[in-house]
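The following explanation is intended to be read beside the sequence and the coordinates. Please keep both in view while working through the paragraphs.

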Amino acid sequence: MLNLEYVVSAIGMAGPINNAFMKNEYYKSDIVPALCEVVDILKDSVHESSENTDPSVAVLFNAYTEKKFPGHLDDYQNFHMDKVYADSGGLQMVTTGKAVTDEIKDVIYGVQSYADYAMCFDDIPLESVALVRTRNERSNVGNKVFNQDRFDETAIATGLNIKRQVEYFQEHGAATKVIIIVQGNTAEDMVHWYRKVEEQLTPAHFDNIGGIAVADTCMGNKELETIEMLTAAHEIAKFCNPSSKKQLHLLGVGSLPRMAPVLYLQKAGFLSDYEKISYDSSSHTVCFNYGLMKLNGTCKSLGTYRNFKLDQVMRDIYNTFKPAFEKYGSYDWVMNEVFYAEDETWTFSKTVQRAVESKDKDKIVTAALIGFAYSMYQVKNFIQCLDTVASGEFIGARGEMNIAAIQQLRNVKTMEDMTKWMNMFKGYVSSARIARKEQSFGLEKFFG
């Protein structure tokens, strides 16, 4: 059974890490236990309902933009999550024009040492082709180009970053394991990248390596690119240090169509060399702030004002986490006295402020619970959907032929099978490829 871990990113957007709560007199006695109980209920529920996967739930923080999170997570008992991951924040530094010096990296490693797993600083061979950054900068494949001329130099630089990161953890007695980020514009690129990284490391460094993460940063972000990333992981597993096979992580992949290839290829045995597969996403934690709800592969707006659809969802959230909520009030009381503002708005209502000002313990704890439970409800649904997808059913469709082609991955056990699959089905699968400076790019060399 697949050991599959959802790594919850941007948990601060779910509302709990808020000074109004953390400075409140009921913080440690009531708020923290209530939020931890939500995660306990979530974990128990997905374990009980899953038939095809062995799910776990972890949390990720950004060691650059969220430097104080280790202290917060410690206060919150890590929300009872199974593991803690720490991103490097390197991308955020670069995109904000911050110089990434060796001194800053060491500071980041110090912050990351709180976590079980730490992402490395990866030097990315991309160039922007836009003068102005777009709102969807990360997912916009049209505003950047892959520079193959810088590929070796960036892979080697990444390897040296990992070398120093591991040595920092070893020097300071940290048990943190580094996740090697693998970049590339094709599967062949990714394999070459990993070789260059491993050349910079000694066997002793691999004592603190916890696995690899295949990144779509230089490749693209639809199903075909995901399949190619997994193909690279399959090839890397044939020769890499055993520590790199402890875990395969997918960076920022939180959609059902993109996770389907992961599940089908693992079930077929194509990814069986990896002990665990994990993926991180902020898709569900950010929804509360925008009045959105992502369930069963869809994303819908619940509106700004009280309405029937919103009440139905909120009632189900309350019932899902009822043991945590009912200690403080009934569903009707929570909705009428805490959730809605006087004019029946909710998305932009001052729920937390009004609850804290009331000095009523039940209102304060419930205000903390609402946003957090809203997010964890979606996480629970996503994990359960993945278990359904693992059984063979496809959720979150992009088209009939796309589904049929991806379902054929259940028959891909070897590289020869993958080559045949590419020849027959790749044209039917959704793709969003980042352009390459050279004229010819794609899978031809790798699968030729």
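The text below treats helix packing, individual residues, salt bridges and backbone angles in turn.

The model is predicted, and local features are reported only at pLDDT of at least 70, side-chain atom pairs only at pLDDT 80 or more, while totals for chains, interfaces and linings use all residues. Residues are numbered from 1 along each chain as its sequence is written, and side-chain values use heavy atoms, with hydrogens and water left out.

Helix α2 (residues 27–49) packs with α15 at an angle of about 20°, and their axes are 9 Å apart. An axis is a line fitted to C-alpha atoms, for helices over the stretch in contact, and angles between N-to-C directions run from 0 to 180 degrees. The two helices α2 and α15 are therefore roughly parallel to each other; angles under 35 degrees receive that label, those over 145 are roughly antiparallel, those from 65 to 115 roughly perpendicular, and the rest oblique. The contact of α2 with α15 comprises 16 nonpolar, three polar and four charged residues. In this classification Ala, Val, Leu, Ile, Met, Phe, Trp, Tyr, Cys and Pro are nonpolar, Asp, Glu, Lys and Arg are charged, and the others, Gly among them, are polar.

How do the axes of α9 and α15 cross? Helix α9 (residues 256–268) and α15 cross at roughly 50°, their axes coming within 9 Å, and the pair is therefore oblique. This crossing of α9 and α15 is right-handed. On the α9 side, Leu 256, Met 259, Ala 260, Leu 263, Tyr 264 and Lys 267 take part, and they meet Phe 382, Cys 385, Leu 386, Val 389 and Ala 390 of α15; contact means heavy atoms within 4.5 Å. By class, the contact of α9 with α15 has ten nonpolar, no polar and one charged residues.

Single residues within these helices can now be examined. Asn 381 belongs to α15 and is buried, its relative accessible area being 15%. Buried denotes under 20% relative accessible area, exposed over 50%, and partly exposed the range in between, computed with a 1.4 Å probe on protein chains only. With residues up to four places away in sequence not counted, Asn 381 touches Lys 294, Leu 295 and Asn 296. In α2, the residue Lys 43 is likewise buried, at 14%. Lys 43 touches Val 57, His 80, Met 81 and Asp 82, again not counting residues up to four places away in sequence. Its C-alpha atom is 7.0 Å from that of Ser 56, a residue 13 places apart in sequence.

Side chains of opposite charge can pair when their charged atoms come close. A search of the whole structure finds 19 salt bridges, each defined by a side-chain nitrogen of Lys or Arg within 4 Å of a carboxyl oxygen of Asp or Glu. One of them joins Lys 196 and Glu 199 at 4.0 Å, N to O. Both residues lie in helix α7 (residues 187–199), three residues apart, about one turn of the helix, and Glu 199 is exposed at 55%. Another joins Lys 238 and Glu 235 at 2.7 Å, N to O; Lys 238 is exposed at 53%, whereas Glu 235 is buried at 17%. Asp 311 and Arg 306 meet at 3.3 Å, N to O, with Arg 306 partly exposed at 26%. Asp 106, Arg 164 and Glu 171 are linked in a network of salt bridges.

Which backbone angle deserves attention at Asn 78? Phi of Asn 78 is near 55°, a positive value in a residue other than glycine. Asn 78 sits in the loop between α3 (69–75) and β3 (84–87). In the loop between α3 and β3 there is also Phe 79, whose phi is positive at about 60° although Phe 79 is not a glycine. Phe 79 is buried, at 0% relative accessibility.

Technical notes:
Helices (H or I, at least four residues) and strands (E, at least two) are DSSP runs, numbered from the N terminus. A crossing is left-handed if the near helix is turned anticlockwise from the far one by less than a right angle, and right-handed if clockwise.
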